[in-house]
Amino acid sequence: MKWMQWMLVLALTAGMGLAGLGCDSDSSSDRDPLVGTWTAQSFNGQELPDNISLTITFQSNGEVISTTTIDGMTETDTGTWSADNGVITVVSDGETDTTPYSISGRTLTLGPPGEVFVLTR
């Protein structure tokens, strides 16, 4: 299943600098709309199965934490992140990854066309 493979790639990317929005005070969230914790709801318009979850926390200090759970097995990745002009850059384990994003209210849309995750706060 391609979406499961992409979910794993996204989780790793998130850990490398994307992915999970940090749980910070409301004042830091006001300064950067990405800061906070986001939970994946769907991939390419399909709801995630009950046995799969992805949470990304973008912290105001530039750290990112992504946690992926599949069939009860959990993997957590960390890294640093930055965002500019609708693109998130994540650095983790010496690798740099970028992905487009947009935010509308409490919804984060993440990924290029055909590989899109929708996450909510």
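Predicted model: local features only at pLDDT ≥ 70, side-chain atom pairs only at ≥ 80, totals over all residues.
Let's call a residue buried when it has under 20% relative accessible area, exposed when over 50%, and partly exposed in between, using a 1.4 Å probe on protein chains only. Residues are numbered from 1 along each chain as its sequence is written, and side-chain values use heavy atoms, with hydrogens and water left out.

Now to the aromatic rings. A pair of aromatic rings is described by the distance of the centres and the angle of the planes. Rings of Phe, Tyr and Trp (its six-membered ring) pair if their centres lie within 6.5 Å; planes under 30 degrees apart are stacked, over 60 edge-to-face, and the rest tilted. Searching the whole structure turns up 2 aromatic pairs. In one, the ring centres of Phe43 and Phe117 sit 4.6 Å apart with the planes at 50°, so this pair is tilted. It ties together distant parts of the chain, with Phe43 in strand S1 (residues 36-43) and Phe117 in strand S9 (residues 117-120), 74 residues apart. Strands here are DSSP runs (E, at least two residues), numbered from the N terminus. Phe43 and Phe117 are buried.

Phe58 and Trp81 make an edge-to-face pair, 5.0 Å centre to centre with 70° between the planes. This pair also links distant parts of the chain: Phe58 belongs to strand S3 (residues 52-58) and Trp81 to strand S5 (residues 73-84), 23 residues apart.

Back in strand S1, have a look at Ser42. Is Ser42 buried or exposed? Its relative accessibility is 12%, so Ser42 counts as buried. Contact means heavy atoms within 4.5 Å. Setting aside neighbours within four places in sequence, Ser42 touches Glu47, Leu48, Val116, Phe117 and Val118.

Next, follow the hairpins. Two strands pair if DSSP finds at least two bridges between them. Strand S6 (residues 87-92) runs antiparallel to strand S7 (residues 95-104), and 6 bridges join them. Ile88 faces Thr99 across this pairing. The hairpin of S6 and S7 has 2 residues between the strands, and Asp93 in the turn has a positive phi of about 50°.

S7 also pairs with strand S8 (residues 107-110), in the antiparallel sense, over 4 bridges. Here Ile103 stands opposite Leu108. This hairpin has 2 residues between its strands, with Gly105 taking a positive phi near 65°.
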